[in-house]
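I opened this model to look up a few things and noted them as I went. Entries are below.

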Amino acid sequence: MTDSPTEQLRHEHELVLMVVEAMEREVDDIERTGRVHRERVAQMVDFTRNFADGCHHSKEERVLFPALEERDAAAGGPVSVMLSEHEAGREAIRAIVAALPDIDESEAARTAVAENLALYAHLLRLHINKENTVLFPLAERILSDQEQEMIAAEFERIEKEETGAGVHQRYHELAHTLATPPAEG
Ligand SMILES: [Fe+2]
């Protein structure tokens, strides 16, 4: 039996939180050493853009949130907060992408990378906690079993047709790689 839609999303949150923790460690490293691990930060950006946004937020924004709003107009309030938090996360990632090419010569660029990694990590921790403790319990309460099955089928379609086969697994592995601290050197 497949997991319910909210179980799947909670599981994906665990992967996102592994990368959030790696970001917090990177911020500490930058503050301590004044250096940025360019390749690791690029991998964090890749993960957030293609997994957190491309896969996970797609499922929420295009399937779960509209289903909640359709079922109960009162869900519109929390849903619009979630959407604006997704957008704030994208904004922080855009700032990292803009600063990353200049980290060797510019201290301001290194600071921008550290600040926006810290901002993203802070935002996502609060955001995931809200989804896990408020929005998902609401979804589990108001959506029928049949509606949840339809949502799970739609998630499967997004993963197969849009995210692409094997991509989920690849980002699963990347989250574990990032969760391992880099060798000093
Ligand atoms: Fe989420």
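**Entry: Arg62 and its partner**

I started with Arg62. With a relative accessible area of 45%, Arg62 is partly exposed. I kept in mind that this is a predicted model. Next I looked up the partner. Arg62 forms a salt bridge with Glu162, and the closest N and O atoms are 2.9 Å apart. Arg62 lies in helix α2 and Glu162 in helix α5 (residues 145–163), so the pair ties together parts that are 100 residues apart in sequence. Glu162 is partly exposed as well, at a relative accessible area of 40%.

**Entry: other salt bridges**

I took the total next: the structure holds 18 salt bridges. I picked out Lys59 and Glu12, whose side chains meet at 2.5 Å, N to O. Lys59 is in helix α2 and Glu12 in helix α1, so this pair ties together parts 47 residues apart in sequence. Are Lys59 and Glu12 buried or exposed? Both are buried.

Then I turned to helix α3. Arg94 and Glu91 both lie there, three residues apart, about one turn of the helix. Their side chains meet in a salt bridge of 2.9 Å, N to O. Arg94 counts as partly exposed at 38% relative accessibility. Glu91 is partly exposed too, with a relative accessible area of 47%. Salt bridges with shared partners join Asp53, Glu61, Glu87, Arg90, Glu91 and Arg94 into one network.

His13, in helix α1 (residues 5–33), and His56, in helix α2, link distant parts of the chain, 43 residues apart. I looked up burial for both histidines. His13 counts as buried at 1% relative accessibility. His56 is buried, also with a relative accessible area of 1%.

**Entry: the cavity**

About 40 Å³ of space lies in the largest cavity. I listed its lining: Thr48, Asp53, His57, His86, Gly89, Arg90, Ile93 and Tyr120. α2 (38–71) and α3 (76–99) each supply at least two of the lining residues. The largest share, four residues, comes from α3. I sorted the lining by type and got two nonpolar, four polar and two charged residues.

Key:
Residues numbered from 1 in each chain as written. Predicted model: local features only at pLDDT ≥ 70, side-chain atom pairs only at ≥ 80, totals over all residues. Heavy atoms only, no water. 1 Å grid on protein atoms, 1.4 Å probe; cavity = no way out; pocket = protein on both sides within 12 Å on 5 of 7 lines; lining within 4 Å. Points joined across faces, edges and corners; volume = space filled by probe spheres on them. Nonpolar A, V, L, I, M, F, W, Y, C, P; charged D, E, K, R; others polar. Buried < 20%, exposed > 50% of the residue type's maximum accessible area, 1.4 Å probe, protein only. Salt bridge = Lys/Arg side-chain N within 4 Å of Asp/Glu carboxyl O.
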